[in-house]
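Open your viewer and keep the selection panel at hand. We will go from one selection to the next, with a short note on what is there at each stop.

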Amino acid sequence: MTWISIIISGIITYFSRMAMVALIDRDMLGAKVKEVLNYVPAAVFPAIIFPGVFFNDFGYLVEPIDPKIYGAIIALVVGFYSRNVIATIVSGLLSYWFIIFFLLK
Amino acid sequence: MLSKSKIFVKGTIAVLPHMLSVIPFGIITGAIGVELGFDPLLVYATSLIIFGGASQIIFMQLLSGGASSLIAITSVGVINSRHLLYGAVLSEYLEKLSFLKKLIISYFIVDQGFAESNKYIKQNSNISNPHYYILGTGVTLWLCWQLSTISGIILGSFIPEELGLKFAIPLTFLAIVVNDLRKLDHVFVMLVSGFASLILFDAPFKSYIILSPIVALSAAFIMLRLKR
């Protein structure tokens with residue numbers, strides 16, 4: 001049963017990857033839709049970022065002084081000025097570790 | 001003119017920084033599956049057949065917690081439906097390919113690969129083989145995901161939990177969108193999406209992952225109309 005569930009889940013997931021690429025003719029999308037599609041990264045990724053920063057493992061809002069919030073702010077500032085992916089991630093992680101291992105100990 | 005292999009390698013290099021979150025996440029996914037009591041082969045099959053980090057963990061957690069297959073499958077479908085949006089964007093660059101090539105490339109469409117490809121292709125609209133860039137990002141992420149889940153299955157979660165490496169996941173995605181903070185219209189859409197996700201977080205089947213983008217894209221649509 002579990003195997004069948006994996007295969008069905010896999011088919012659905014593959015379909016979500018493939019449908020717009022292989023089945024839909026781009027001319028079917030209007031100019032307005034294409035314009036809105038420019039915002040897909042801006043519309044999708046914050047929905048992964050915000051809960052990851054502002055919720056804890058149990059799904060509750062974190063305190064305003066949570067280390068993750070400071071880590072995210074530092075990553076944001078570093079990323080904004082450096083325009084560098086690795087600097088963004090590393091600065092966020094290092095500042096987060098600095099807070100949880102040194103400041104909070 | 002860049003050769004196909006050079007474009008592929010450029011895609012590979014573009015996603016390498018994201019390994020900081022992909023590899024630990026993969027190890028955790030493999031380890032959790034085994035800890036929940038699933039057969040190692042079955043845990044690995046989720047990486048090969050479903051190939052979608054968060055959805056794999058939710059899938060296994062639901063089933064081991066006694067949820068019905070229907071609920072587990074629905075959750076995977078809802079979480080992964082965001083790929084429809086990636087496909088809609090990428091289809092512009094894949095239009096000219098044969099149907100078979102489209103089918104193959106589709107399997108490799110992943111969050112970070114989509115984001116990096118979209119950024120690169122927008123900035124280099126003159127390249128003739130943009131799909132090699134998409135493949136470069138996708139195949140690299142795929143390979144690292146397979147290897148890291150396998151090592152998690154075999155070795156367990158050997159990364160200390162105290163490190164809080166889960167936090168690398170929001171950071172990776174922050175690194176993806178941070179450049180767009182220079183554009184006010186994008187900032188507006190991001191804030192709508194972010195706050196929508198906090199409000200909708202408890203919606204069933206983790207549907208905040210697709211509902212928040214829908215809310216944000218609707219806001220973008222209204223914004224574009226008002227601008228005119």
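**Stop one: the two domains of chain B**

Begin by selecting residues 4-164 of chain B, which are domain 1, and then residues 183-228, which are domain 2; these bounds come from an automatic or database domain assignment. Over C-alpha atoms, the centres of domain 1 and domain 2 of chain B lie 23 Å apart. Where they touch, domain 1 of chain B supplies eight residues and domain 2 of chain B six, with a contact meaning that two C-beta atoms, placed from the backbone, lie within 7 Å. Colour α5(B) next: four residues, the largest share of domain 1's side, come from this helix. By class, that side of domain 1 holds four nonpolar, three polar and one charged residue. (Nonpolar covers Ala, Val, Leu, Ile, Met, Phe, Trp, Tyr, Cys and Pro; charged covers Asp, Glu, Lys and Arg; the others, Gly among them, are polar.)

A word on the model: it is predicted, with local features needing pLDDT of at least 70 and side-chain atom pairs pLDDT 80 or more, while totals for chains, interfaces and linings use all residues. Residues are numbered from 1 along each chain as its sequence is written, and chains are lettered from A and ligands numbered from 1 in the order in which they are written.

**Stop two: chain A as a whole**

Chain A has six helices and zero strands (DSSP runs, numbered from the N terminus: H or I of at least four residues for helices, E of at least two for strands). Its radius of gyration, 20 Å, is well over the 13 Å that the globule rule gives for 105 residues, so chain A is more spread out than a compact globule. That radius is taken over C-alpha atoms, and the rule is 2.2 Å times the number of residues to the power 0.38. Along the principal axes, the C-alpha trace of chain A spans about 55 × 45 × 25 Å.

**Stop three: where the chains meet**

Bring chain B back. Here 73 residues of chain B are in contact with 58 residues of chain A. Chain B's side has 48 nonpolar, 20 polar and five charged residues.

**Stop four: helix α1 of chain A**

Finally, select residues 2-23 of chain A, the 22 residues of helix α1. Where does α1(A) bend? Centre on Arg17(A), where the bend is about 40°, the angle between axes fitted to the seven residues ending there and the seven starting there. Among the buried residues of α1(A) are Ile6(A), Tyr14(A) and Arg17(A); buried means 20 or more other C-beta atoms, placed from the backbone, within 10 Å of a residue's own. Their cover includes α3, α4, α5, α6 and α7 of chain B.

Conventions:
The expected span of a helix is 1.5 Å times one less than its number of residues. A residue is buried if 20 or more other C-beta atoms lie within 10 Å of its own, exposed if 12 or fewer, and partly exposed in between; C-beta atoms are placed from the backbone.
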